[in-house]
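Please walk through this structure with me, one part at a time. We begin with a sheet and end with a pair of domains.

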Amino acid sequence: MSGDRDLVVLGAGMHPWGKWGRDFTEYGLVAARAALADAGLDYPDMQYIAGADTIRNGYPGFVAGSTFAQALGWIGVPISSSYAACASGAMAVQSARAQILAGFAEVALVVGADTTPKGFFAPVGGERRNDPDWLRFHLLGATNPAFFALNARRRIDVYGDTVDDFAQVKVKNSKAGVHNPNARFRKEFSLDDFASSPLVSDPLRLLDICATSDGAAALVIASPEFAQRHLGTLEGTVRIKAVATTTPTYPQVRLELPDFATDSTAVVPAPERGFKDSIAHDAYEQAGIGPEDLSCAEVYDLSTALELDWYENLGLCAEGEAAKLLRNGDTALGGRIPVNASGGLSSFGEAIPAQAIAQICELTWQLQGRSEGHQVDNATVGLAINQGLFGHGSCTIVAK
Amino acid sequence: MEGWFTTTEPYTLIGGKCASCGTFVFPPRGGACPNPRCAATELEPTPLSRRGRVWSYTENHYAPPSPFVAADPFEPYALAAVELETEGLVILGQVAAGVMGADLEIGMEMEVDLDVLYTGDDGEPRWVWKWVPATPSSVTTTDNGASA
């Protein structure tokens, strides 16, 4: 399928996920070079460089586009640096996409990389009493897993999900991730492993919650005209059909990181679509497709239970039916709509600014039939979705 | 947090209320009404309903990182998101010490209380709001927060 706002993914590359604590730039360069090699292009061919920011690595992290451009060598092209928490990667892709669609550039390099501290994500240091992210830790100890747990508890008490359903998400994802050379955790987990996993934020155990990781991902994307000249044909190319960086619509009625409260429904009723539903909806509208057209999806399983929420947000099933989809094996490799065939965050851990880009790399390889051992049969349309705190939506659809 | 709750009984959380469209916000803030269809720039500090119903809850079993000031040894505690009907807000808070997830369920009635968050280097207590299950006796008292 082709549309008049399609872009072509010419190359995808990653630095494998892990935990080494080295300079994030080092990982980013490995991913960038891998994407360039995959595209068959030289770095000086790039006409635009988009970096996805990380806030935990000082100034170089805040100006990631510049950091990578300087590290690869200045070539005098425009750059951008995007921060949108977990959605930073999608925002960087969107920045490059907008430049290309506007005709300012024909080909762009997008890079995201992070290095992460051990343990819970904590707010940036200092005493910042006007920063809700600082305050939610200080006043409530409301960690990220605590927010994930509030949603998980709703699934149990309202929809009848069980903690075993949550564990089965990890079992499924780990089974796929074993075969992914870029995944950090390449071990199959079973339900038995959960019994000995410590409770973090009830009902979620340590194994239900994704780790924080080092890693990097990069893409080379281009206009169809550039791709046609470079490849000689557009036959079989992977296209970016949609990138939705949607915000919530007032009132936001779901308690979301890092807020103390929802918006009020006292005067304005809840919108027709909640925030996460609307991210997917906007991407489907851009691509002109619906959930029934998907071959596979990469969703942000920050927690196992959160993966189930996404099934419903994506319209793969009705609200409250996600566990049934999982139990049927519909979202496993070989099922009707495999979800997180990469192994997901379960197998990767999260390298924040790289993760949304990595999701697109994984989908690209699925559509190209290059995901040996965890390949989705005949994949033609893939969707990646996530959400960054402070109201950042991120949904990308690729198709060939 | 000065201005987020009353410090004399009856304890209430304080939100912002738009004098123009009537919507609420917590924590209180200035500058602009959060309703995008309302141009008001003034929000009046308003005591919120003392009671609401549990929307969801969890327990923290690991000490949260700084800037949380965790007791040593750390004691697990519960957090609850409580829905205030009049204001249409769901507000997160710690649950009073000793009340754990097993004591909570979605839909149960809670009320707001104050508790010591930690004792500062100056020896003075720092206060925070906490949710406590509404007791049968307190259920019979009037909920005077929303209209105050």
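**The sheet of chain A**

In chain A, strand E8 (residues 238-244) and strand E11 (residues 392-399) run antiparallel and are joined by 5 bridges. Strands (E, at least two residues) and helices (H or I, at least four) are DSSP runs, numbered from the N terminus. Two strands pair if DSSP finds at least two bridges between them. Ala244(A) stands opposite Cys395(A) in E11(A).

This is a predicted model: local features need pLDDT of at least 70, side-chain atom pairs count only at pLDDT 80 or more, and totals for chains, interfaces and linings use all residues. Residues are numbered from 1 along each chain as its sequence is written, while chains are lettered from A and ligands numbered from 1 in the order in which they are written.

E8 and E11 belong to an open sheet of 9 strands in chain A. The order is E3-E2-E4-E7-E1-E8-E11-E10-E9, with mixed pairing. Strand E3 (79-82) and strand E9 (296-299) of chain A each have a single partner strand, so one side of each is left without a neighbour in the sheet. From one strand to the next, the twist averages 20 degrees. Angles run from 0 to 180 degrees between N-to-C directions, with axes fitted to C-alpha atoms, for helices over the stretch in contact.

Helix H3 (residues 64-72) of chain A packs on this sheet. H3 touches E2, E3 and E4 of chain A; contact means C-beta atoms, placed from the backbone, within 7 Å. The direction of H3 makes about 120 degrees with that of E2(A).

**The domains of chain B**

Chain B is assigned domain 1 (1-48) and domain 2 (49-136), with bounds from an automatic or database domain assignment. Their C-alpha centres lie 21 Å apart.

How values were computed: Contact = placed C-beta atoms within 7 Å.
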